[in-house]
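Below are a few exercises, each with its solution worked out.

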Amino acid sequence: QTRAIHVGSVQVGGGAPVVVQSMTNTHTTDVAATVAQIDRLEKAGCKIVRLAVPDDKAAEAISPIRQAINLPLIADIHFDHRLAIKAAKNGADGLRINPGNIGGAKNTAKVVEAAAKYGLCLRIGVNAGSLEKDLLAKYDGPTADAMVESAINHIRAVEALGFTNFKISIKASDVLKTIEAYTRLSSATDFPLHVGVTEAGFGLCGTAKSAVGIGVLLFKGIGDTIRVSLSGDPVDEIRVAYQILRSLGLGARGPEIISCPTCGRTQIEVVKIAKEVEAALGHLESPITIAVMGCVVNGPGEAKEADIGIAGGKSHGILFKKGDRIAKVEHSRLVEALVSEVKKMSLS
Ligand code: SF4
């Protein structure tokens, strides 16, 4: 149970569904590229977007970007509190600061004042890599306890300024430390938690680390908004985030393509076909589970939870719905038959 805050029009915490967010990796000053990437993120299901504000020109770019997009926009600021104030003036919906590197309590207070003045939310982002020296000495390094104590100190300091529209993150690139720190923090505060494994990596490794870290926390009921951090196209972060949510029964979006691992009974090119199905139907927003199975002997039965699927036979394959065969189709027409049947299912 956390209290509700708002990032623009999006509620975070207070019983709202887990909010999926991402971060652009364009140069913020390249307004056209940034807006185009935010549009792609929105289409993929992203609900809040963050962008880096490393300098004055980036802070100025917030204004035209904000006018051109629909999603709430969070400005990510390090080191220079004046950039946070400028981002607030220029229309950001939220500010993400790391009090460990923004220049002490005085500068944090100035950022809080700007957030209150312009009606923004804050994210207080504690990072294992930039903890206060006294805590590092006390705990002999950036332990989970050190991170939690740092977060609690910052929460108290911001609350003491009369500001409560904020959420917290407490990130480490180590999965176990992240889980431990968030678990302790969640029992110590009811402010909403932004959950993620920072610098998780790329591809399979990054996906697995994020899925385990975020997944374990969500399973424990911890996390109001999530960001999967992956090197590469941020749209992939959104896809992975929804797979994590879907796996935990916390929200599904778009098609989930399940496919069998293949074995000595396989009669079709499962991976190639699954990719073709994804290319044809990946844009759908409605949740649907689609199976691509290698054989007609076991495939439909193994995938009977799927809404619809195809399975390979010797010369023909079959189309099945909820495990029941509905048509026999030549191999070359399997994908086409599946796509046309899905389209009939009136999905958006
Ligand atoms: Fe093997 Fe058929 Fe199961 Fe695929 S569905 S793993 S081909 S038995």
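Axes here are lines fitted to C-alpha atoms, for helices over the stretch in contact, and angles run from 0 to 180 degrees between N-to-C directions. Helices (H or I, at least four residues) and strands (E, at least two) are DSSP runs, numbered from the N terminus. You're looking at a predicted model, where local features need pLDDT of at least 70, side-chain atom pairs count only at pLDDT 80 or more, and totals for chains, interfaces and linings use all residues. Residues are numbered from 1 along each chain as its sequence is written, and side-chain values use heavy atoms, with hydrogens and water left out.

**Exercise 1.** Work out how α10 and α12 cross and which residues make the contact.

*Solution.* Start with the axes: helix α10 (residues 270-281) and helix α12 (residues 334-344) come within 10 Å and cross at roughly 35 degrees. Next, the hand: α10 passes α12 in a right-handed crossing (left-handed if the near helix is turned anticlockwise from the far one by less than a right angle, right-handed if clockwise). Then pick out the contact (heavy atoms within 4.5 Å): I273, E276, V277, A280 and L281 of α10 meet V335, L338, V339 and V342 of α12. Sorted by class, that gives 8 nonpolar, no polar and 1 charged residues. Ala, Val, Leu, Ile, Met, Phe, Trp, Tyr, Cys and Pro count as nonpolar, Asp, Glu, Lys and Arg as charged, and the others, Gly among them, as polar.

**Exercise 2.** Find how α7 runs relative to α8.

*Solution.* The axes of α7 (residues 175-188) and α8 (residues 203-219) come within 10 Å and cross at roughly 20 degrees. The two helices are therefore roughly parallel (angles under 35 degrees count as roughly parallel, over 145 as roughly antiparallel, 65 to 115 as roughly perpendicular and the rest as oblique). On the α7 side you'll find V175, T178, I179, Y182 and T183, and on the α8 side K209, V212, G213, V216 and L217. By class, this contact has 6 nonpolar, 3 polar and 1 charged residues.

**Exercise 3.** Turn to α6 and α7: how do they cross?

*Solution.* The axes of helix α6 (residues 144-160) and α7 come within 9 Å, crossing at roughly 40 degrees, and the crossing is right-handed. Their contact divides into 9 nonpolar, no polar and 4 charged residues.

**Exercise 4.** List what surrounds the ligand.

*Solution.* Look for residues with a heavy atom within 4 Å: C260, P261, T262, C263, R265, T266, M293, G294, C295, N298, G299 and E302. That shell splits into 5 nonpolar, 5 polar and 2 charged.
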